[in-house]
Amino acid sequence: MTNNRYETNKEHAGRLRLGAALRTFLRGRFSLDEDTACRDEVVANIAKGVEFRGVNLWVLIFATMIASLGLNVDSAPVIIGAMLISPIMGPIMGIGLSLGINDFDLLKVSLRNFMLMFVVAIVTSTVYFFISPLSSNSSELLARTVPTTYDVLIALFGGLAGIVAQTRQDRTSTVIPGVAIATALIPPLCTAGFGIATGQLTFFVGAFYLFFINSVFIALATYIMVRFLRYEKKTFLDKARERRVKRLMMIITLVTFIPSVVIGFRMVRVSVFENAADRYVAQVFDYPHTRVIESEVRYRRHGTPSRIELLLVGEPLGDEVIDNARAQLEHFGLGGTELVVRQAARNDEIDVNTLQRSYLELLEEKNRQLGEMTRRLESMTLTHVAADDISRELGAMMPAVGSVSLMKGVTFATDGTPGDTTLVCVVEPRDGAARIDSATLMHWLRIRTKVGNVKLFVEP
């Protein structure tokens, strides 16, 4: 029995040593103590980025103009460039830091500069879109009007990465530019300006909502990391003033963060519901002779139940099939959701004209793209008929020409950049004694083919 007890104690001691070694390994790997900057240095650096005057203000205006141009011409690289140079993260991280270290003065400066940043960006983008000749709703603009759960998560984890990078002694890494790109704060502001300039309130509301959500969760992430790092809080000599400031900062924290967290959780629930609804429609209404051509999913609001409305075409589904589909809602986590099915073969009204217009618009766009591609191809191609005509005309104009070869293509630079269209003409004299006027021939070819860049080669 003594030996058994000894073996048990030995195994227990071995497990304890293994657990301690594992904890030491994980603590060493995930520790944030390495290369950490002192608290005062971090606070001073973030406070410097909070200020919006001089260079920072002008850079913000230029970044807003660049982002507006990128949104206007639907260019993602231009928008990314604007996010890289925008100094918009400073006041937001200043708000989170000030709440975390109980610095009321920094909070006032951060909030003031945050409002200044917002107004300057909105005014700049509004002025641009007001005078811009392009006013179509590009895909990049539309993408900045509907916040999703992913935007909340990106802002939260991006803010955590940003404040961790700010607390290091070496701030030359790519973390801060990466956070600026990922969180995408400047494009929603430009989209809000587009909504004001074009009188589209939905654009302004959606874009402002996305910007506000991103800003709050970046500040929340900064606050969480500051408290995790146990930064020393600012103390006051006047205890009465300290209590007032603490109460005020607590109110600001609750008013700002709690509604955003509630909104964030609601967005998560909406996303989960929409994903479940999409999965339900794809799996349950998968019939060989019936197709779902329109699906509308609405999450419950104002006491009304959630709703899935489908428009089907093809072979009609019987009532028992639809009832069976309703019974499967619970299996997909959609209990209590209303299912409305409209079928083309029944007496339900279907807006065929709207569908026809949509298909016609799609067909017109495809035809426009095809026509543009055809024109580009024709500009780089010399048809057989044109070559025959040119050769006969050239033979009548210059009897000394025995044969002619014509090729049309595009000249490329050494870096791969396409240049002008080039016409290459190879002429063979009728006999060795015949003389060909190269200057006259090149001038005639430019006029005849409407190609300015002509390369002429006369064979000896």
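**Figure 1. Arg307 and Glu309 pair through a salt bridge.** In this predicted model, the closest N and O atoms of Arg307 and Glu309 are 3.5 Å apart. The two partners differ in cover. Arg307 is partly exposed, at 25% relative accessibility. Glu309 counts as buried, because its relative accessibility is 16% and the cut-off for buried is under 20%.

**Figure 2. Arg307 also forms a salt bridge with Glu338.** Here the closest N and O atoms lie 3.3 Å apart. This pair links distant parts of the chain. Arg307 sits in strand S2 (residues 307-314) and Glu338 in strand S3, 31 residues apart. Glu338 is partly exposed, with 35% relative accessibility.

**Figure 3. Glu296 and Arg298 meet side chain to side chain.** Their salt bridge has an N to O distance of 2.8 Å. Glu296 is partly exposed, with a relative accessible area of 32%. Arg298 is partly exposed too, at 39%.

**Figure 4. Six residues are joined in a salt-bridge network.** The members are Glu296, Arg298, Arg307, Glu309, Glu338 and Arg342. The network takes in the Glu296 and Arg298 pair. Both salt bridges of Arg307 described above, to Glu309 and to Glu338, involve network members. Across the whole structure, a search finds 9 salt bridges.

**Figure 5. The side chain of Thr337 reaches a backbone oxygen.** Thr337 lies in the loop between helix H13 (319-327) and strand S3 (338-343). A polar atom of the Thr337 side chain is 2.9 Å from the backbone oxygen of Leu334. Thr337 counts as buried because its relative accessibility is 10%, and buried means under 20%.

**Figure 6. Four arginines gather in a patch of positive charge.** The patch is on the surface and consists of Arg241, Arg243, Arg244 and Arg247. One of them, Arg243, has its place in helix H12 (residues 239-284). How exposed is Arg243? Arg243 is partly exposed, with a relative accessible area of 48%. Arg243 is not classed as exposed, because that label needs over 50% and its value is 48%.

Technical notes
Residues are numbered from 1 along each chain as its sequence is written. This is a predicted model: local features need pLDDT of at least 70, side-chain atom pairs count only at pLDDT 80 or more; totals for chains, interfaces and linings use all residues. Side-chain values use heavy atoms; hydrogens and water are left out. Patches are made of residues with over 30% relative accessible area and no salt bridge: like charges are joined within 9 Å, nonpolar side chains (Val, Leu, Ile, Met, Phe, Trp, Tyr) within 5 Å. Accessible areas come from the Shrake-Rupley method with a 1.4 Å probe; for residues, only the protein chains shown count as cover. Lys and Arg count as positive and Asp and Glu as negative; His and the chain ends are not counted. The place of a charge is taken as NZ of Lys, CZ of Arg, CG of Asp or CD of Glu. Helices (H or I, at least four residues) and strands (E, at least two) are DSSP runs, numbered from the N terminus. Buried means under 20% relative accessible area, exposed over 50%, partly exposed in between (1.4 Å probe, protein chains only). A polar contact is a pair of N or O atoms within 3.5 Å; within protein, one must be able to donate a hydrogen and the other to accept it, and residues adjacent in sequence count only if both atoms are side-chain atoms.
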